[in-house]
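I wanted to look at its core, its cavities and its domains.

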Amino acid sequence: MEFIDLKAQYRTYQDELEEAALRVLRSGRYILGPEVEELEEKLAAFVGRPYALGVSSGTDALLIILKALGIGPEEAVLTTPFTFAATAEVIKRCGAHLIFADVSEKTFTLSPETVIKALEEASQKGLSPKAILAVGLFGLPAFLLELEELASSKGLFLIEDACQSLGARARGRPSGSFGIAAATSFFPAKPLGGYGDGGMIFTSEAELYEKMKALRVHGQTARYEHTYVGFNARLDTLQAALLLVKLKHFPAEIEKRQEIARRYREGLKGLPIAFQEVPEDCLSVYAQFTLVVEERDALQAFLRERGIPTAVYYPKPLHLQPAFRDLGYREGDFPVAESLARRVISLPMHPFLAPREQDTIIQAVRGFYGA
Ligand SMILES: Cc1ncc(COP(=O)(O)O)c(C=O)c1O
């Protein structure tokens, strides 16, 4: 059994994928090009934004957004400590001050209350918050409208880290549509994954889009006219061609993920397990299906012995990581994130998980609890 069965997905779309790859290989054009433009157009429409920009990874997407907004050493950016390192890393790479705020016990994401408190504390310390970087964790973009309103009332930018949540919705709006700009990732294990690294930026601001487009290719605004110090952060033609194939199947895959999540919730009812709660007005794409349990390590070992792969996202919150030690945070500063890090475990989740495999997983978890 696979945790995320990318091989099964490849076999299912094999003919279409190989045809697309061959077309690019035979075209002689491998950087940007019409496939990237088509993917940008289709995904812009998918998230309901006028502009999309294909880039080399989700990390670069976030970095380009921050740089284009002019965020640097004078500013501070607030984010969650319960996320993948890239979210926080890009803030430090801009030289900006990084502020963490605790997450909601229910959704595992930044909640407006924790953000308000952290912003007040930051101002008392003399910091100048400029942006909130909110993450759609495990596929769930919770509280994004609330955070968008909060950011705008305080004159801050909201940036959406939609690296795990493309295809999800909050308050009827697609993930990727919130804030001044949003970033997503096409890392292979993501809900819409490619066959290598890749990412995309979404925005509704024409000027910001033009600047980010320049930053993607060495700050070039015309051939050999370097207006900014930029990056080499282009999306490969080959990735775009393969992603166009996968995009056709993406809505059906999102449906499958809903079905699988429903079966997990039903099958695991009555056990001493909490789930990541999806608020009524949100749709998760279940990049992960995550449980909160007290005996996490014992459950993981029990499932491993029965051939069931699981994963722990994330075992150590970012404020306790050596890379962010200089910020001065200590154990106890973000009790919810710390407690989740000790108790979360993710079960196999992908659109090709067969009902029989899922029954085996459910029965094994029930067996652990003697149920
Ligand atoms: C929340 C989050 N932000 C950022 C990233 C970075 O994306 P990438 O791996 O494409 O650079 C990832 C994924 O890896 C992620 O999960």
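Before anything else, I noted that contact means heavy atoms within 4.5 Å. This is a predicted model, where local features need pLDDT of at least 70 and side-chain atom pairs count only at pLDDT 80 or more, while totals for chains, interfaces and linings use all residues. Residues are numbered from 1 along each chain as its sequence is written, and side-chain values use heavy atoms, with hydrogens and water left out.

Entry 1: I picked L78 and skipped its neighbours within four places in sequence. L78 then touches I99, A101, L110, V115, A118, L119, A131, I132 and L133.

**Entry 2: the cores.** A nonpolar core is a set of buried Ala, Val, Leu, Ile, Met, Phe, Trp, Tyr and Cys residues joined through side-chain atoms within 4.5 Å. Buried means under 20% relative accessible area, with a 1.4 Å probe and protein chains only. In soluble globular proteins, nonpolar side chains tend to be buried together. Which residues have the most contacts inside the largest core? I found L78, F82 and I132, in a core of 73 residues. Helix α4 (residues 58–68) supplies the largest share of this core, 7 residues; helices here are DSSP runs of H or I with at least four residues, numbered from the N terminus. A second, separate core has 24 residues, among them I273, F275, L303 and V365.

**Entry 3: the domains.** I wrote down domain 1 (6–244) and domain 2 (249–368), with bounds from an automatic or database domain assignment. Their C-alpha centres lie 23 Å apart. Across the two, 44 residues of domain 1 are in contact with 39 residues of domain 2.

**Entry 4: the cavities.** On a 1 Å grid over the protein atoms alone, a cavity is a set of points where a 1.4 Å probe fits but cannot get out, and lining residues have an atom within 4 Å of a point. A volume is the space filled by probe spheres set on the points, which are joined across faces, edges and corners. How many cavities of 30 Å³ or more does the structure hold? I counted 2. Of its 14 lining residues, I4, L6, Q9, R257 and P351 lie nearest its centre. Helix α9 gives the most to this lining, with 3 residues. The second largest cavity holds about 40 Å³ of space, and its lining includes R265, F275 and Y286.

Note on methods
Buried means under 20% relative accessible area, exposed over 50%, partly exposed in between (1.4 Å probe, protein chains only). Helices (H or I, at least four residues) and strands (E, at least two) are DSSP runs, numbered from the N terminus. On a 1 Å grid over the protein atoms alone, a cavity is a set of points where a 1.4 Å probe fits but cannot get out, and a pocket is an open set with protein on both sides within 12 Å along at least five of seven lines; lining residues have an atom within 4 Å of a point.
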